[in-house]
Amino acid sequence: MLFNSLPFYIFFPLVTLGYFLLPHRFRWLWLLAASAYFYMAFIPAYILILFATILVDYISGLAIEKAEGKRRRGFLILSLAANLGMLGFFKYFNFFNANAAALAHWLDWNYPIPFLNILLPIGLSFHTFQSMAYTIEVYRGNQKAERHIGILALYVLFYPQLVAGPIERPAHMLPQFHEEHKFEYNNFADGLRLMAWGFFKKLVIADRLAQLVDSVFTFPSSYAGPLLTLAALAFSYQIYCDFSGYSDIAIGAARVMGFRLMTNFDRPYSARTISEFWQRWHISLSAWFRDYVFFPLRRALLRGKMRLPGWLNQALPTLITMLLSGLWHGANWTFVIWGGLHGLYLIVELWTTRLRERLARALHLDSVPQLRAALQTFSVFLLVSFALIFFRAPSLAAALDYIQRIGLGWDASHVALWFAQLRVTLGQNHPIATVYPTISGAAILALTGLQILLLETVQFLQKEAPLERVLAGQTTLVRWSAYYFLAVNIILFGSFLPSSFIYFQF
Amino acid sequence: MKPFLQRIFLLLPLLASMLFLNWFVDPAHLRAPDAYERGVVSMLAQGQAVTNVVNDDASAILEYHILAQTSAPDILLLGTSKSKGIHSDFFPGQTFFNAALSGSGLGDLLVIYHLYESRGLIPDAVILELNPWLLSAGRASQSKRFEARRAELEWNLLRDRAPARPSRVKRSRFSQSIYARIFTPDYFQSSLLQLWSAALHGAAPRAYHAGDATNGLTYFPDGSILVRPDMIANLGTEIPEAYALKYGWDPPGGIPLQMDVRQRKILEAFLARLLESGVKVTFYLPPYHPTSYELMMNAPSRFVTDIQSYFIELAQANRVEVIGSFNPGDLGITNADFYDPTHISTEAILRIFEENR
């Protein structure tokens, strides 16, 4: 079930109403049933996979808590194997099989293993990581094993964050499922505000930009360098608004019922360094990799018998973590390269800290800190956008072809055609184009630019305090004018064509 | 609870205007399904052109328009929007009806022809517009109202026992009803846009009327349509060129990478049936935009030439006349003949018919 669909418009108020009407002791069951129904709207049979891993994790959690020494580790391995096995089978089997087959073909060997004709369970990577966080935390002694299997199931299945996160931690979520949440107006209003903001990001910005991005990335040879550049930059905003929009709706839907999910995005394109970008982008996943991959790896390298040079002790865990993060996103070399590029950015950033400081001093940039900050932010945005070409392209060859073509066709005599191409891509199915069929590509671009400006302005206002705090200080008239402006904006300019969220595929 | 209710009250104007406009503007005419289309057809049946037709169900208008006829035309045209501009002046001294439906697949052509045949009305001649996607496997009908009949007619035509037994079309009636859509923001968007558009053109939002084109489409009693002249005039050359560049890689309707055997059998059986009934058949192959066609020749879509060869061989084997070509170069068609990336002007179609006959 998509958040931007009629079934969800009915599902959400019904589930919320039912939640508050039921006595506390039945609420977990209500939410679990609703979440299972939500998940089963995609492929019903796959719910069995989820229940199977939940059962393994439940038993493992209890066993880890009781056991000592090697047995304890054994139960952890059992749980991780069940979760990663499921992920490996559904998500990575065909990828590794294809690579093995290609290698065998290259070596002229016979390769008999067939490909599997299976669909990836929706949100598999998200709930697998959330499940693994539970058993790892129990193993580390940071979390008591959950006795109530229904609550543990709800921890994995909780519908707002089931298919695309935020990837929660047991210490944050499990107690909330035991608590009784009373209806509170502030939670209700904050939740709805966040949801509306999420819908704005998704329907007004992400799905509009998708019209341009999809056309250009599918047939790059039909477009000149300026449009390829614009589409690459547009994809950065599309994916951000799509994913953070989803997160906002998820966090808002949970907040309405009194649950607090973790923040997943914090104005990532205002980052001045790549490391800062990763503290602001998909925070729940970055934190997961930091806690369960990066730190253990670095500890292992520092304490291990193998002595590595200091620079490698820093670089290797970073690179491995980012490569794995890339692979987490999808079973395709394009995602691995995307992760690898970010790994390289981080390493180069680390190694060149002093050099960059010296350069800034030499250019007297330290005397104009705002200009320096703007340059840094813009550079990070460009680097992120460049890496995202690999993320968006269907194959490695297509990504390289796209990058090569960016340098072609900058002849300004074709500017009328470029705007016409903007009109037929960005303006495709645009509500304004149905009223004004002859509207120009420049006008459509300006309209879209204004929406991004609105997004950036609101995000800038949230720099010091969250939106709800900013609005709370205003008069009723100002607040409600803002709500109405947002609602009318979504209704007039939103794209209501059926479209999934990009991160659902992961 | 009181402040909560007070604030909910502030939301009421938005909710109320959504419900009100969705109900009264009802852009997809859900309150009285087909009533709008029946109204249009009743004027067409009286010999009047009808303009300001907005958000209509073209398949419903076509069905009611055909059912309102008591005799078959001398010449019947079956095809897509590419030939919707062909009108009775093309065929002086003969009666003509344009039964083309936008985006039609082979199954749609069968259903539309069946609306005549089932009542014993057989035209003297049929112009069959053929497009590559007619040979795409498993292509559903463009129209929900035709889908179930399409499957059944195809099955009957082939006497195909096992695999193609028509399955029941699953339809969620509730989600397509006014009672569900009245609560949806996308329907609200359509309502607002329809009001906005109508205000711009000084026309009532749902009021079609007899006469020349103002807003929306104009339908003529011979089944042909006229696209809003202001849309055609102001598109310029860059917009069709930009679309053509897009469609070169992704032609509307698609190009199958292989001709589906079952679809070929259906087409051949349909042709045989027409010829057996004594109908004179003419194939019309509409040209692609020159820019699109050039790109298509460098893409998997170049298979379009094989499809054209098959259509021509089929015509030759059955002594059927062929007019037109997918290749605009064969017909002397240039970019200037296209008023949008897929449709050539009525004058250009007339030229093709006259020069290639």
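These questions and answers cover helix packing, the chain contact and the nonpolar cores of a predicted model.

Author: Local features here need pLDDT of at least 70, side-chain atom pairs count only at pLDDT 80 or more, and totals for chains, interfaces and linings use all residues. Residues are numbered from 1 along each chain as its sequence is written, while chains are lettered from A and ligands numbered from 1 in the order in which they are written.

Reader: What makes helix 5 of chain B roughly perpendicular to helix 10 of chain B?
Author: Their angle is about 75°. Angles of 65 to 115 degrees count as roughly perpendicular, under 35 as roughly parallel, over 145 as roughly antiparallel, and the rest as oblique. So helix 5 of chain B is roughly perpendicular to helix 10 of chain B. The axes, lines fitted to C-alpha atoms over the stretch in contact, with angles from 0 to 180 degrees between N-to-C directions, lie 9 Å apart.

Reader: Which residues make the contact of helix 5 with helix 10 of chain B?
Author: Helix 5 of chain B brings Glu154(B), Leu157(B) and Leu158(B). Helix 10 of chain B brings Lys265(B), Ile266(B), Ala269(B) and Phe270(B). Contact means C-beta atoms, placed from the backbone, within 7 Å. Five of these residues are nonpolar, none polar and two charged. Nonpolar means Ala, Val, Leu, Ile, Met, Phe, Trp, Tyr, Cys and Pro; charged means Asp, Glu, Lys and Arg; the others, Gly among them, are polar.

Reader: How many residues of chain A touch chain B?
Author: 25 residues of chain A are in contact with 30 of chain B. On the chain A side, 18 are nonpolar, six polar and one charged.

Reader: What makes a set of residues a nonpolar core?
Author: Its members are buried Ala, Val, Leu, Ile, Met, Phe, Trp, Tyr and Cys, joined through C-beta atoms within 7 Å. Buried means 20 or more other C-beta atoms within 10 Å; exposed means 12 or fewer, and partly exposed is in between. The largest core has 198 residues. Phe390(A) and Val40(B) are among those with the most contacts inside it. Helix 9 of chain A supplies the largest share, 19 residues.

Note on methods. Helix = DSSP H or I, 4+ residues; strand = E, 2+ residues; numbered from the N terminus. Contact = placed C-beta atoms within 7 Å.
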